[in-house]
Amino acid sequence: MVDYSEKQEVHATAAGNVNAFADSTPPFENTHNMKDEIKVAVDEEEEELDLYKPLVMDPGIPHEPNPLTIRAVVTGCVLGALVNASNLYLGLKTGFTFSASMFGAIFGYGIIRMMSKAGKIPIIGGTFGPQENSIVQAAATGAGGIAGIFVAGIPAMYQLGVMGPDPDVPRNPKEDIGSIFTITIVCSFLGLFFVTPLRKFFVIQVARELKLMFPTPTATALTIKAMHAGAAGGREAMQRLKGLGIAFGGAFVHRVVSYYAVGILYDWHVFTWIHIWSGYTSWALNIESWGWYFEWTPAFIGSGILIGLNPAISMFVGSLLAWGLIGPLLVHYGECIGIQALSPEDEGYDKWSSYYSFTSLSKLGQRTPSPRYWLLWPGVMVMVCCSMAELLIQYKVIGIGFKALYRQSCQGINNMLVKRGKHNAFFAKHGAPHERAKELVEDSAREEDQVKNWWWTLGLLVTVLMAMLIFHFQWQMHPGLTVLACVLAFLFAFLAIQIGAVTDNTPLTAASKASQLVFGAATTGAHYEIHHAQRLNLVAGGLASGGADVATSLTGDFRTGFLLGTPPAKQWLAQAFGTFVSIWLAPGLFVLFTSAYDCIWDFNWDEKTQGKCAFALPSVSAWAAVAQAVTDPRVKIPLTSGIFAIVMGVVSIIQVIIRHYYLVGPREKYREWLPNWGAIALSWVIPAPVFANAALLGAIVAAFWRKYNMRTWDIYGYAVAAGLIAGEGLGGVVGAILTLAGVDGSVYGTQVACPLDEC
């Protein structure tokens, strides 16, 4: 057992997890930035730092009698709403979503710090401390959540035509806004209510025993502490805020303005330029057809800053393999096909006759598939294998966790019996304090500051009953399947929190796919029609993964609040307010985007436009493909794709084993040279190498920045990355509004320098 009360260094990311594949799963395991960027060093003369106890705050910080203020909750909800909108745009485009925690902490500091200067003005003025800052980020995380189901399971239902009674008729999401609201309510509140006992279990009862460090939430708490550490901390906080604000504003303006000159300000189609300048030669346009161009996307440049060189290089190499070698070979040997963008009778055919689309997912099972469909299965397989291997490699931690959960349950039952004057030898024995109880974490919160048991138990009971009724009448789902989805949500959350707290990598990608496989098996012998079986698969999978997603994020917030001494009940209420905002915000934003971009919901779009869409929809494609594979006997996985997927999955598992059991001790330094299979798999699922190119640029910039000016990197690095990500996401929301208003770039802008004269 490691004694974490000894002086130590804490390594964590300072900008929140980069989540991928719309399942809140960072694909960038063991990256440099995830472990090494925030250093909290304790000198021998200083007080020992124990990160399993609340942090010792600056003595000059005034007492905070009630950190749950209106200004904190409102500010957090507004900032979380920005991240929610950003996540919907970025998730549909790339499969990535981002945490609101650090964004809310830094931006919230600046906003309320200015408010606090208003003196004694009610609501606005008054002192501002770290606990109120944690309330801001808790509300922001709540309001920024639940975007995952809107960039994966729900649009996948539209892509498969299973939202309505007729699978052959596309259905506009505006018709289903009521159904979308109800599934959002169930997912959000399910996660919120069952996360409460997980807070006490993981943050208080077994944290030291299981060595649960929660790197990202811990980094957020340390950042908040630093920002409130006297005059010096305040100066650095304002510098971070300035960097975040400039990056946010610049990315926002760039994204909005670039809609009116996409081929100049956003997408650089170099091979199209060569094609035009060289008199329409075919070789350059052939390369262009595989997606080889550069996109000045602030969000992915920002994500490259966060993730570091290893995963960025891995993603680029994966793209090079997929769209520079494997894809062309598949087409060359007839294993896959591309679709010519223009027919001979179309205008401009002579100019663009050699331009093809290799990303179509239409008519699966009816014709030779595209390289995108072929590569989808190796990508999903490797992602699942990586996540499951990382999960199973921690079997000792998981085993201790389940034993501790059993012990705590017995202890709770025994305490309840004792209060009633009864005794049970079994529960008394199995609920006895652990022999190492002296090492357990003490909950510094007073009894009156704890979340009342009836808050979450009553809420959970009502939510489960509501889910059973809603899913039965709305989706014709048997109540037993709904209960199964709720149980899986809890189980996946339990595992994801436990592993994420140790590794900073939550295996929700594997969990979401596992839920689809479970429900595929559960509906196999029930003689459901194919489209109804697919509907159940996606709805139940969305409920399981969505509930686990919310619970995992909010547990991290509880860890941040614990370190800062924030009363749990007040933080829980802030999360509840934020969650309530997200319930109405996320569906509204989804309808906004689907109203502006038909390709998100119209399953005929792919065939009509040869796959050309403003959004790549990688997570949507993966969810839809898995649902089809487990329910539709007509949809087959190509044999060669399946073999390749199995081989790559085994390779990724072997690497996880080697990294954990061989590259230890003096050989641990070689881990950084291993390829990151999560990032490689992601590059196979995203149907273009363009995002890998941008992420690599961001990682290179960050590497040089750290090397030549570490001091400014410590202050600005993560703040700039967070600003770039959120800024472009909000710019995408404005772009959707401009499209609906009929004043977007397609009407008043120029498409010069774009293939087919259209970007």
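Good morning. Helix α22 passes helix α23 in a right-handed crossing, where right-handed means that the near helix is turned clockwise from the far one by less than a right angle. Helices here are DSSP runs of H or I, at least four residues, numbered from the N terminus. This is a predicted model, in which local features need pLDDT of at least 70 and side-chain atom pairs count only at pLDDT 80 or more, while totals for chains, interfaces and linings use all residues. Residues are numbered from 1 along each chain as its sequence is written, and side-chain values use heavy atoms, without hydrogens and water.

To return to the pair, α22 covers residues 530-564 and α23 residues 568-596; they pack at about 145 degrees, with axes 10 Å apart. Axes are lines fitted to C-alpha atoms over the stretch in contact, and angles run from 0 to 180 degrees between N-to-C directions. On the α22 side, Leu554, Asp557, Phe558 and Gly561 meet residues of α23 including Trp572 and Thr579, contact being heavy atoms within 4.5 Å.

The largest nonpolar core has 185 residues, and Phe202, Phe471, Phe593 and Tyr597 touch the most other members. Such a core is a set of buried Ala, Val, Leu, Ile, Met, Phe, Trp, Tyr and Cys residues joined through side-chain atoms within 4.5 Å, and buried means under 20% relative accessible area with a 1.4 Å probe, protein chains only. Helix α6, residues 177-205, gives this core its largest share, 16 residues.

Finally, the cysteines. The whole structure has 0 disulfides, a disulfide being two cysteine sulfur atoms within 2.5 Å. For Cys385, the nearest cysteine sulfur, that of Cys386, is 7.3 Å away. Cys410 counts as buried because its relative accessibility is 3%.

How values were computed. Helices (H or I, at least four residues) and strands (E, at least two) are DSSP runs, numbered from the N terminus. Buried means under 20% relative accessible area, exposed over 50%, partly exposed in between (1.4 Å probe, protein chains only).
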